[in-house]
Amino acid sequence: MKQNLVVSVLIVSILRVLGSTAVLAPPATCDIVITSPTGGQEVSGNFDITWTATAGCDSDFRLWYSPTGAAPFSLLVAGVTSPYSWDTTTVVDGANYVIRVKENQGGNKDVTGAAFTINNVPDTTPPVIAPHADSLGNE
């Protein structure tokens, strides 16, 4: 208690010497919000993971994913900013994927609110071949 009083008196004394009565602001907080995927959608191929972060956050982030909708998470990439294009063909298809975006150095994070599906099954529909026509339109 006595140390707190001494520190407070010292701060007030320094502010008086500097000619300021400003109040020291608390450090900015970090809030991260994933904007895509939000859950429920089906994705394939290259897919953008997007998020917003307040000024109190690190400038780069780590992205993690889970194919089961819960821990454990696997590191997808580190040191990135939003948006990040994820090649979903590098993982197995599944219906319970979630993403976690975390500060690269700090502990703040967000996780998708609901699971999404990765479906990279190739289209097996045979192509439609149009009849060949000559330059006059004759088949």
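Predicted model: local features only at pLDDT ≥ 70, side-chain atom pairs only at ≥ 80, totals over all residues.
## The open sheet

Let's start with the strands. Three of them make up an open sheet, running in the order E1-E3-E6 with antiparallel pairing. The edges belong to strand E1 (32-36) and strand E6 (84-87); each has a single partner strand, so one side of each is left without a neighbour in the sheet. From one strand to the next, the twist averages 30°.

Zooming in on one pairing, E1 and strand E3 (residues 46-53) are joined in the antiparallel sense over four bridges. If you want a spot to look at, find isoleucine 32, which stands opposite alanine 53 in E3. As background, strands of a sheet pair through backbone hydrogen bonds, either parallel or antiparallel.

## The disulfide

There is one disulfide in the structure. Its partners are cysteine 30 and cysteine 57, with sulfur atoms 1.9 Å apart. The two cysteines tie together distant parts of the chain, 27 residues apart: cysteine 30 sits in the loop between helix H1 (2-18) and E1, while cysteine 57 sits in the loop between E3 and E4.

What is the handedness of the disulfide between cysteine 30 and cysteine 57? The torsion about the S-S bond is about 95°, so the disulfide is right-handed.

Are these cysteines buried or exposed? Cysteine 30 has a relative accessible area of 9% and cysteine 57 has 13%. The cut-off for buried is under 20%, so cysteine 30 counts as buried, and cysteine 57 is buried too.

## The nonpolar core

The largest nonpolar core holds 20 residues, and Trp51, Trp86, Ile99 and Val101 are the ones with the most contacts inside it.

Leaving aside residues up to four places away in sequence, valine 101 touches Ile32, Ile34, Trp51, Phe61, Arg62, Leu63, Asn108, Lys109 and Asp110. Ile32 in that list is the residue that stands opposite alanine 53 in the sheet, and Trp51 is one of the core residues with the most contacts.

## An exposed proline

Last stop: proline 72, which is found in the loop between strand E4 (61-66) and strand E5 (74-80). Proline 72 has a relative accessible area of 65% and is exposed, the cut-off for that being over 50%. Not counting residues up to four places away in sequence, proline 72 touches Tyr65 and Ser66.

How values were computed
Residues numbered from 1 in each chain as written. Heavy atoms only, no water. Pairing = 2+ DSSP bridges. Axes fitted to C-alpha atoms, helices over the stretch in contact; angles between N-to-C directions. Buried < 20%, exposed > 50% of the residue type's maximum accessible area, 1.4 Å probe, protein only. Contact = heavy atoms within 4.5 Å. Disulfide = S-S within 2.5 Å. Core = buried A, V, L, I, M, F, W, Y, C linked by side-chain atoms within 4.5 Å.
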